[in-house]
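Subject: A structure for you to look at

Hi there,

Here is the structure I promised to pass on to you. Have a look at it first, and then read my notes below.

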Amino acid sequence: MDLSHETLVWVAKTFGLIYLVILSIAVVAYACWPARQKEFRDASTAILNREDRPWR
Amino acid sequence: MDVISNLTMDERRRALLILLVMALVGLTFAAAGHGDPIAVHGALVLVLSLALAFPVMGHLYDPEPSIERFNAYYDDPSKVGVILTFVWAAFAMFVGDWVAWLMVEPTWTTGSAWSSFGRLRPVHTTGVIFGFGGNGLIATSFYVMQRTCRVRLPDQLSPWFVLIGYNLFCILAVTGYLLGITQSKEYAEPEWYADLWLVIVWVTYFVLYMRTLARREEPHIYVANWYYMAFILVVAMLHIVNNLAVPVSFLSAKSHSLFSGVQDALTEWWYGHNAVAFFLTAGFLGMMYYYLPIRAGRPIFSYRLSIISFWGITFMYMWVGSHHLHHTALPQWVQTLGMTFSLVLLVPSWGSAANALLTLNGAWHKVRDDATLRFMMIAAVFYGLTTFEGSFMAIRSVNALSHYTDWTVGHVHAGALGWVAMITFGALYASIPWLWKRERMYSPALVEVHFWLALSGTAVYVFALWNAGIIQGLMWRTYTENGNLAYTFLDSVVAMRPYYIARALGGLLYLLGALAGCLNLYLTIRFAAPATEAASRKPLRDGLDDAATQPAE
Amino acid sequence: MFTLHYRLERRAIGMTLGIIAAASIGGFVEIAPLFTIDQTVEAAPDMRVYTPLELAGRNIYMREGCYACHSQMIRTLRDEVERYGPYSLAVESKYDHPMLWGSKRTGPDIARLGGKYSDEWHVRHLLDPRDVVPVSIMPSYGWLMENDLRIDDLRDQLATQRAVGVPYTPDMIRHAADDAYAQANPDGSGVKDLTARYGEATTVRAFDGTPGRLTEMDSLVAYLQILGRLTDAASRDTLAKDLE
């Protein structure tokens, strides 16, 4: 392998944290985006409709 | 047989073709693998394939099934999957309790090689995790994906291939250990050919899921499916990487792992811990996010939180495997990284547990009256407890005490008995009447009995091993005033005896509960009153109306 | 199966890719650096490989699930070092495909078991542990003495080990079965060739007490007697640290 051990260890130690922060922001933004709230509300109540047959 | 006649003629022909190819492969290994244990497995595959091929042949020219089938979901594989789940539960928990007693009385075996502790122990772990847990996940995922997508499964053959193929993998695994076939990697013991077979089955499973999602009538993909998808995808990744190995020959059951030493150790525990994460957590969270709201008659408390927790779990679990290797020859920075992420992981884990419990707010009277819903509630509680305990045990200094002791075993069983099995039994008791179109389970009282046996069994088991583990860990590190080790290792073995007895009794209670479940399943299928049309169509939103008209309790 | 008329669904595909991206990063970042670890880890140029008999014994150790109750990894903790010996180094398991570090000590750690007890003790202990340790809860392994060791596949076993990186020479591979037999027959003719291939320090004994017959017991005891003795890097390492 061309990459030296030090480089890989450095990447491991720094990249994870950066990735964690970016991903957290992205996920929270996705989940809390106002335009999506209706979709989420519909999705969570729709499963309670027990019409037990396919829709077609 | 109706199940076979319900397949289209084309599907029956393909099923027969697959079975005959499998029989041929089995025959090849049986004949050519002479002198190697792989021959036994070849014969086993041959016999099982033919046993399925004959009934298919008998119904090959039955008329095409009615076009009416498109007006209903395809539940036959789920029904068989539910039965298999109970069968594996009874079998694997029986073996588990047997090995528990072997730690009290090592002579309680037949004296033959197959029944020694070291061979039975993976039978128990594989039987419970893959046999019981895996079948529960497959059976419920077929059910859930159809209902949440409002669409019938895209075909009738691939779900059978997944279910039967998966059970063949489990059978090869379990019989293999008894024959002495094992890779010795914990929770990944099956040898190379069983592993390859599982890859084929798993790809089919993934494709089936994607095809169902692609045909869905609901615009949004319900969050339970996200968890099931993560379970399928990541387990595939883990399985392939951790099982990389070179077979001794193509007619030998034995293989040698591609990695060695420290690389192998981290790969194994990366796999091992994420088997916990994506098999025993993500999949069962999918189950919880569907069955708990439905049984409670209330939508999930926070859909947003379920999404945030989902990505948190998917991302963070992958980092934590190295906490299994604290203070070992693994470089310390990897240990520290594993520990850090283990602690952060508590956030999404408790997010999920809290989400489940808050969903029940306003439905606590149902929890009181309905043992099925109580199974799910207790599962969420144990999920919260176990994830907290797991993060705690991942701290290096705590791990120095807990590692190698029975505390770890206690922790795993708090998760397995308290979370995984409880949510599964809850989901199964919810879906059995729906699948078989019954009014309810034959005996609600028996569900109640199962619940209390399961809860008391778990409590006895977990408390026994917490005590055992902590005493063990302390005895190993206690010094006398002169600076010598105070206890020999044997002292700690002797000290364990009362706890091992208590653990085996706790396991026995749990096993009895599962047997009560098996009986109830049989009675429900055979004797329970069929559901009336009105009842099966009734929307389950009454809880929602309750909440709107009266203050939460 | 995946016919084209099924609309490839953007959301489902997007979710799949998202899961893969989120889930693969952690494992990659932690595991990848370990494959360049030779650049930093202690070296053990004197380390020898397992003889065919020991390797077969190792396979029996795995087959019987011994790793479920015995660890082979002494941690860097004072009480462990005092109880079991110098802590385990990464290099000591570099020929272990797979590693057998274990995760549970129902019985003691055995990373440094080799040479601690006599062959006879091991045989009696494996036949009936309570014969020598009355309070033991270890299973009995009577069949090890009854079963002849399988040697017809040893050649392939060694060749496979070589394929995954263990430095067995073609000569070792070719004579695997003979060497296995020679190691448990001190008066036999193959001993000289065996020690020429694996070193003078190779233990050649009738491990199970019956020189004429090669049993699984021979093999397992040979393996147990080599545990911790493939290299003395660990004791050297500890000595060096003590001197500092």
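Let me begin where chain C meets chain B: 23 residue pairs are in polar contact between these two chains, with both residues of each pair at pLDDT 80 or more. Please keep in mind as you read that this is a predicted model.

Which of the helices gives the most? That is α1(C), with 17 residues. Sorted by class, this side of chain C has 40 nonpolar, 20 polar and 19 charged residues.

There are also three salt bridges between chain C and chain B. You can find one where the side chains of B:D406 and C:K104 meet, at 3.0 Å from N to O.

How many residues take part on each side? Contacts join 79 residues of chain C to 101 residues of chain B. Together the two chains bury about 7600 Å², and 67% of that comes from carbon and sulfur atoms. Within chain C, the residues that lose the most area to chain B are C:E30, C:R75 and C:R83, which together make up 10% of what that side buries.

An unreviewed UniProt entry lists residues 12-35 of chain C as a "transmembrane region". In the model, that stretch is 83% helix and 0% strand, and its end C-alpha atoms lie 34 Å apart.

Now turn to chain B and chain A. Here 43 residues of chain B are in contact with 29 residues of chain A, and the two chains bury about 3400 Å² between them. The count of salt bridges is one: B:R147 and A:D52 meet through their side chains at 3.0 Å, N to O. Seven residue pairs are in polar contact, both residues being at pLDDT 80 or more. The largest share of the side of chain B that touches chain A comes from α10(B), with seven residues. By class, that side has 26 nonpolar, five polar and 12 charged residues.

Finally, a word on confidence. Chain B has a mean pLDDT of 93, and 96% of its residues reach 70 or more. Where should you be careful? Over residues 541-553 of chain B, pLDDT stays under 50. Where pLDDT is low, predicted coordinates should not be read in detail.

Enjoy exploring!

Best wishes

Key:
Residues numbered from 1 in each chain as written. Chains lettered and ligands numbered in written order. Heavy atoms only, no water. UniProt positions renumbered as here; feature names shortened; annotations may be inferred. Helix = DSSP H or I, 4+ residues; strand = E, 2+ residues; numbered from the N terminus. Contact = heavy atoms within 4.5 Å. Buried area = accessible area lost by both parts, 1.4 Å probe. Salt bridge = Lys/Arg side-chain N within 4 Å of Asp/Glu carboxyl O. Polar contact = N/O pair within 3.5 Å; in protein donor to acceptor, adjacent residues only side chain to side chain. Nonpolar A, V, L, I, M, F, W, Y, C, P; charged D, E, K, R; others polar. pLDDT = per-residue confidence, 0-100.
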